[in-house]
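The following account is intended to be read alongside the sequence and the three-dimensional model. Please keep both in view while reading.

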Amino acid sequence: MIKVLLNNKKLQIFKATMLAFFYFLQMLINLPKMLVLSWNNMATVPTKSTGSLRITTISEKLPELWQTPKDVLQGERLVNISLCHVAARQADNDNKMSFLWKLYNEKTELLERRSGASCSQVFSLDPKYTHKITVQLTMASSDMEDAEYYTEIIEKSSKIDKVYWLASVGDSFSSGQGNPDIPVTRGKAAKWLDETCYRSSKSFPYQVFRKMTNKSSALSFFACSGATVDAGILSKNGQLDRLEKVMKLRDDPPDVLLLTIGGNDIGFTDIISMMQQGSSLEQSFDMRFFYVSHQIDRVATKIQELKIPRVILITYYDVTKNEHGVVDASCGLFGQVSLSNLQQAEKKILRRLNQLLIKKAKKYGWITVDTTEMFRRNGLCSNHGSLIRSRNESLTLQGNEYGSFHPNEEAHRKISEMVLKVLENV
């Protein structure tokens, strides 16, 4: 009988020991979950608040140029978080307030901790990520238990303005050649956004960007005077290469790509030089157009790889027409170019190139902004307001003749309006 009682007692001890062991084992298994729950309870403060935080986006540096990844990093939004409206209701001259501010990322990791008597704080936030702001409001005469707590979740790209990203790739047409930001004055050289590429704030890409007042916007302005597909657009560290580097940091492509392409690849500069020397343009340009067609296809393939959702292609301007819409070389502004050569250039090169561009745009799903009508009666010899820079104007404005035969400031303004109208409808 005694032996049975002892055996029962041992069995009870064994059961209790096993139960304690399994309880301990269960704690070990659930320890990570318990720690996470504990951390979340610490990060998500009690809600004794009677109001909410007020959030205001501060436009610190708009407009913005995103030329390098570093520029994007500097483009974070400054956001003002305020509890002053609550503090004002509880104001007491004999009872000072203190505020404890905490900023968390979307993983509830503490990023910043601030304390003091200020009822508002400014934080720099990346709009690509969600953030949490907590504020502890304490009266000097109160216990910590009487503190009030406020929490606000700032969703990514919600309470922070979303940046509408434009990019410009192309040649002197896009860069704004012929239109310096500050013309030559009193012997001082002309000023440009970028002198090496003759990029101007008077160009249509920059004006489109500047006129987008209804949204926060950024511009990657890579268009460069003299650029061809092989030397400037697809070359190593070329325009699309640089755009891709910015894209990798943003994790997104630009919303819109403005594109001018083909003018330098067809050899506009060589053709103008030939005409000024009196050489005949009766030769066939078939091989040149075959080459340009292939180059456009290469650029289109790269744009598809980058997954840029919207491309706006601008056709080239016509310098040849007078106020009657007729090719005219009589004003003397074309130098030694004969009327027959100018007619051949308009028909065999400019008109054909624009037809090719429109065809390629249709093939690749690009939007076309056709400038044909705009320049039809506003060429270099037009008496009703030419939209083209003459050689003398170029020398006066920028100190050299490189701006000759390019659209003037008014032309860029008109093109920017055409592009903006397209953007409103897409």
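Predicted model: local features only at pLDDT ≥ 70, side-chain atom pairs only at ≥ 80, totals over all residues.

Residues are numbered from 1 along each chain as its sequence is written, and side-chain values use heavy atoms, with hydrogens and water left out.

The secondary structure of the protein comprises 13 helices and 13 strands; helices (H or I, at least four residues) and strands (E, at least two) are DSSP runs, numbered from the N terminus. Of the 426 residues, 46% count as buried, where buried means under 20% relative accessible area, exposed over 50%, and partly exposed in between, computed with a 1.4 Å probe on protein chains only. Among contacts with a separation of 6 or more, 71% come from residues 24 or more positions apart; a contact means heavy atoms within 4.5 Å.

In what order do the strands of the open sheet of six strands lie? The order is 2-10-9-11-12-13, with parallel pairing; two strands pair if DSSP finds at least two bridges between them. Strand 2 (64-65) and strand 13 (367-369) stand at the edges and have a single partner strand each, so one side of each lacks a neighbour in the sheet. Strand 12 (residues 311-314) runs parallel to strand 13 and is joined to it by three bridges. Within this pair, L313 stands opposite T368 of strand 13. Helix 6 (residues 239-250) packs on the sheet, where it touches strand 9 (164-169), strand 10 (217-221) and strand 11 (256-259). The direction of helix 6 makes about 165 degrees with that of strand 9; axes are lines fitted to C-alpha atoms, for helices over the stretch in contact, and angles run from 0 to 180 degrees between N-to-C directions.

Helix 6 also has a helical partner. Its axis and that of helix 9 (residues 286-306) come within 11 Å and cross at roughly 5 degrees. The two helices are therefore roughly parallel to each other, given that angles under 35 degrees count as roughly parallel, over 145 as roughly antiparallel, 65 to 115 as roughly perpendicular and the rest as oblique. In this packing, L240, E244 and M247 of helix 6 meet V299, K302 and L306 of helix 9. By class, the contact has four nonpolar, no polar and two charged residues; Ala, Val, Leu, Ile, Met, Phe, Trp, Tyr, Cys and Pro count as nonpolar, Asp, Glu, Lys and Arg as charged, and the others, Gly among them, as polar.

An antiparallel arrangement is found between strand 7 (residues 131-139) and strand 8, which are joined by seven bridges. Strand 8 (residues 148-154) is mostly covered, five of its seven residues being buried. The loop between strand 6 and strand 7 holds D126, which is buried at 15% relative accessible area. The C-alpha atoms of D126 and K156 are 8.0 Å apart in space, although the two residues are 30 apart in sequence.

How many disulfides does the protein have? The count comes to three, a disulfide being a pair of cysteine sulfur atoms within 2.5 Å. With bonded cysteines counted along the chain, the pattern is 1-2, 3-4, 5-6.

C84 and C119 are joined with an S to S distance of 1.9 Å. The torsion about their S-S bond is about 85 degrees, so this disulfide is right-handed. C84 lies in helix 3 (residues 84-89) and C119 in the loop between strand 5 (110-116) and strand 6 (120-125), so the pair ties together parts 35 residues apart in sequence.

The sulfur atoms of C197 and C224 are 2.0 Å apart, and this link is left-handed, with -85 degrees about the S-S bond. C197 counts as buried at 9% relative accessibility, and C224 is buried at 16% relative accessible area.

C331 and C381 form a disulfide with an S to S distance of 1.8 Å. Its torsion is about -65 degrees, so it is left-handed. C331 sits in the loop between strand 12 and helix 10 (339-364), and C381 in the loop between helix 11 (372-375) and helix 12 (391-398), 50 residues apart. C331 is partly exposed at 34% relative accessibility, whereas C381 is buried at 5% relative accessible area.
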